[in-house]
Each structure stands twice: as C-alpha cells, then as structure tokens.
Amino acid sequence: MSEAAHLPIIDLSIPDRLSTAGLIRQACTEYGFFYLVNHGVEDELVEKVFQESRKFFSLPLDEKMKLYRKEHRGYTPLYAEKLDTSSTSKGDSKESFYIGPLDAAKSNLNQWPSQECFTSWRAIMECYHAKVLSAGKRLICLIALALNLEEDYFEKIGALDEPECFLRLLHYPGEHRLSDEGLCGASAHSDYGMITLLATDGVPGLQVCREKFNKPWAWEYVLHMKGAFIVNIGDMMERWTNCLFRSTLHRVMPEGRERYSLAFFLDPNSDCIVECLESCYNESCPKGFPPIRSGDYLKERLRLTYGF
C-alpha cells in the first residue's frame, strides 16, 4: 500500500501575500502539488457540478456519443485516451467531458447536452468554470511573486488575456481493481500546461511520484481534503521556470469504486511566447529550453495523446 503524500496547504485568503508566495515557491520546488483552500468557489457549487456530471455520465453510451469530442470539446469515451504514450495498455479506464473557454470568440465551440433533459447543466458548468478561472488567476499572481516577478507579470505578457482554460469532467467506472494488470484510470503522466486545479469526490486513487527520473517510481496517495482544490504545476510552467518548479508525475489507480473528479486546466493565451523567465536562469544555470508559442506546444502534446 502506498503512503500518503504530505502536501503543503496554501490559503488564498491570507493577507500577507509575500509570505504566501514563499510557501507556494517551496511547494512548487519540492512537490509540484499542493492543496488550495479559501479559494472562493463554494462547496455547494462544487457539489452541484458533481451531481450534473454524474447525471451526464449515467446516460447510455449512444446518447453520450452524440456529443463526441470536436475541437477538444465534448465527450471522450472509455479507453480513447492513453496518457502514458509508452504504455502497451488499450487505454485509460475513464470517460470525460471537456468544456473550453467561455469568451465570446470561442464559446460557440463548446458542446452541451439537451437543455430539455439537462435544464441547469450549462448554467452550472459555466458558473463553475468562471469561478475557478477567477481563483486560478489570483493564484497565478501569487506564483509570479513566488518567482520573484511583479505579481501582474503574466497579465503584462498577455498570458491571461483570453487564456486557454478547459474544465474536464472525469468519471472512472470503478469496475476494475489494482489486480487488473497494466490498467490505470489515468496512466502515469504530467500535465501539459500551466496549472491544474482539481476537485475530487473523496474516492481515493490519485497518486504522485516526486522523483520522475528515478526508477522504480515511488508512488504516494494524494488524500482528499474537503473544500480544497488539489493544484499541480504543468510541463509548460516547468519549462517557463527552467525546471525550478516541478511538473510532477501522477496517475489514477483503480480502487474498485466509481470515482468522479473535476479538472480545470488554466493555460496561457495560445499566442503567448513561453521562454525561460529572467529570474530562473543565470551563468551557472543557463536556459534549458528555446522559446515556443504556447498554442503550438499544447497542440503537439494533445496530438501525441489522442493521435490526431
């Protein structure tokens, strides 16, 4: 049995922003994962999103497939995704539903279930999407301070100007157990983008591996904390910080129970240029990555995952 990870707790309501930034820096350099509390998203709203998510995933497959993923929005069925591209398994044991940015230029790309059957579904999802985005932007300002930058740095460079932010509803059916060889709910991976804010339903399964370059991998469970988001750093932020901040390997293992989670991916505007931050390199630690356009980077990572 894997041990539990002792993740730091970051309180978004503390007035001393420099102190909080220092804690974020420590969390991101040591773990790449932390709990975020007092983030401003009400427990009641989170529970409504879980209820609507369960309602959608309980539909027959042919009904869900009517909203099959287009433009990275909509439904993805079981085994359609394999996050560990080196794995020989048939795919990950989960199904999902993506909701993309809500700004006027891109919101029309989103797909929605029938309003006749899902009266409040869209309104609830849009409300949650907007509130988590607001919390994420507040967190990004603190991350800038943690990197010895001005707190509005990411706003000034346009990263948060119509950011690429996706809400992903996730359902792990739970009919499999750890004894099912090679099968994962989500195979070992690191997230692709800037930061992820995750809400879970309390069912265990999420595990992290702090040292992804050491073999064999050592896994620790991430326990549920009521009212908290589980936040992790993505590969793009690791690249941005010249590997100062960790993009930590993680996975979801079958536990024999249904599991639901809500992953919110906050990524920069697709035209934002990601290059090593001035505060993260020097003569003894030179730049490790060339500049790259955020949209190009994410598009290639998604192509490798979904095969398109």
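Student: What is the handedness of the crossing where H2 passes H4?
Tutor: In this predicted model, H2 passes H4 in a left-handed crossing.

Student: Which residues make that contact?
Tutor: From H2 there are Leu 45, Val 46, Lys 48, Val 49, Glu 52, Ser 53 and Phe 56. H4 brings Trp 121, Ile 124, Met 125, Cys 127, Tyr 128 and Lys 131.

Student: How do they split by class, nonpolar, polar and charged?
Tutor: The contact of H2 with H4 has nine nonpolar residues, one polar and three charged.

Student: And at what angle do the axes of H2 and H4 cross?
Tutor: At roughly 135°, and the axes come within 10 Å. Helix H2 covers residues 43-57 and helix H4 covers residues 121-146. That angle makes H2 oblique to H4.

Student: What about H1 and H4, what is the angle there?
Tutor: About 80°, with the axes 8 Å apart. H1 and H4 are therefore roughly perpendicular to each other.

Student: Which residues meet there?
Tutor: On the H1 side, Arg 17, Leu 18, Thr 20, Ala 21, Ile 24 and Arg 25. On the H4 side, Leu 139, Cys 141, Leu 142, Ile 143, Leu 145 and Ala 146. By class, the contact of H1 with H4 divides into nine nonpolar, one polar and two charged residues.

Student: Switching to strands. How many residues of E6 are buried?
Tutor: Nine of the nine, residues 164-172, so strand E6 is largely enclosed by the rest of the structure.

Student: Which of its side chains point which way?
Tutor: Glu 164, Phe 166, Arg 168, Leu 170 and Tyr 172 point one way from E6. Cys 165, Leu 167, Leu 169 and His 171 point the other way, and all are buried.

Student: What does E6 pair with in the antiparallel sense over nine bridges?
Tutor: Strand E13, residues 259-267. Phe 166 stands opposite Phe 265 in E13. E6 also pairs with E5 in the antiparallel sense, over five bridges. There, Ile 99 has Leu 167 in E6 as its bridge partner.

Student: What holds paired strands together in general, what kind of bonds?
Tutor: Strands of a sheet pair through backbone hydrogen bonds, either parallel or antiparallel.

Student: There is an open sheet of five strands; what is the order?
Tutor: E1-E10-E9-E12-E7, with mixed pairing. Strand E1 (3-4) and strand E7 (186-189) stand at the edges, each with a single partner strand, so one side of each has no neighbour in the sheet.

Student: How many bridges are there between E7 and E12?
Tutor: Two, and the pairing is antiparallel. Ala 186 has Val 252 in E12 as its bridge partner.

Student: Now the loop between E9 and E10. Is Ala 218 buried or exposed?
Tutor: Ala 218 lies in that loop and counts as exposed, at 54% relative accessibility. Leaving aside neighbours within four places in sequence, Ala 218 is in contact with Val 208, Cys 209 and Arg 210. Ala 218 and Ser 2 are 216 residues apart in sequence but 8.3 Å apart in space, C-alpha to C-alpha.

Student: Which residues does the cis peptide bond join?
Tutor: Lys 215 and Pro 216, with omega at about -5°. Pro 216 lies in the loop between strand E9 (206-209) and strand E10 (220-221).

Student: Which loop holds Tyr 79?
Tutor: The loop between strand E4 (74-76) and strand E5 (95-99). Tyr 79 has a positive phi of about 65° although it is not a glycine. Tyr 79 is partly exposed, with a relative accessible area of 23%.

Student: And what is the phi of Cys 243?
Tutor: Positive, about 70°, and Cys 243 is not a glycine. Cys 243 is in the loop between helix H6 (235-240) and strand E12 (249-252). Cys 243 is partly exposed, at 43% relative accessible area.

Student: Last one. Is Glu 238 buried or exposed?
Tutor: Glu 238 is in helix H6 and counts as buried, at 15% relative accessibility. Leaving aside neighbours within four places in sequence, Glu 238 is in contact with Lys 212, Ile 233, Cys 243, Phe 245, Arg 246 and Ser 247.

Conventions. Residues are numbered from 1 along each chain as its sequence is written. Side-chain values use heavy atoms; hydrogens and water are left out. Helices (H or I, at least four residues) and strands (E, at least two) are DSSP runs, numbered from the N terminus. Buried means under 20% relative accessible area, exposed over 50%, partly exposed in between (1.4 Å probe, protein chains only). Axes are lines fitted to C-alpha atoms, for helices over the stretch in contact, and angles run from 0 to 180 degrees between N-to-C directions. Angles under 35 degrees count as roughly parallel, over 145 as roughly antiparallel, 65 to 115 as roughly perpendicular and the rest as oblique. A crossing is left-handed if the near helix is turned anticlockwise from the far one by less than a right angle, and right-handed if clockwise. Contact means heavy atoms within 4.5 Å. Ala, Val, Leu, Ile, Met, Phe, Trp, Tyr, Cys and Pro count as nonpolar, Asp, Glu, Lys and Arg as charged, and the others, Gly among them, as polar. Two strands pair if DSSP finds at least two bridges between them.
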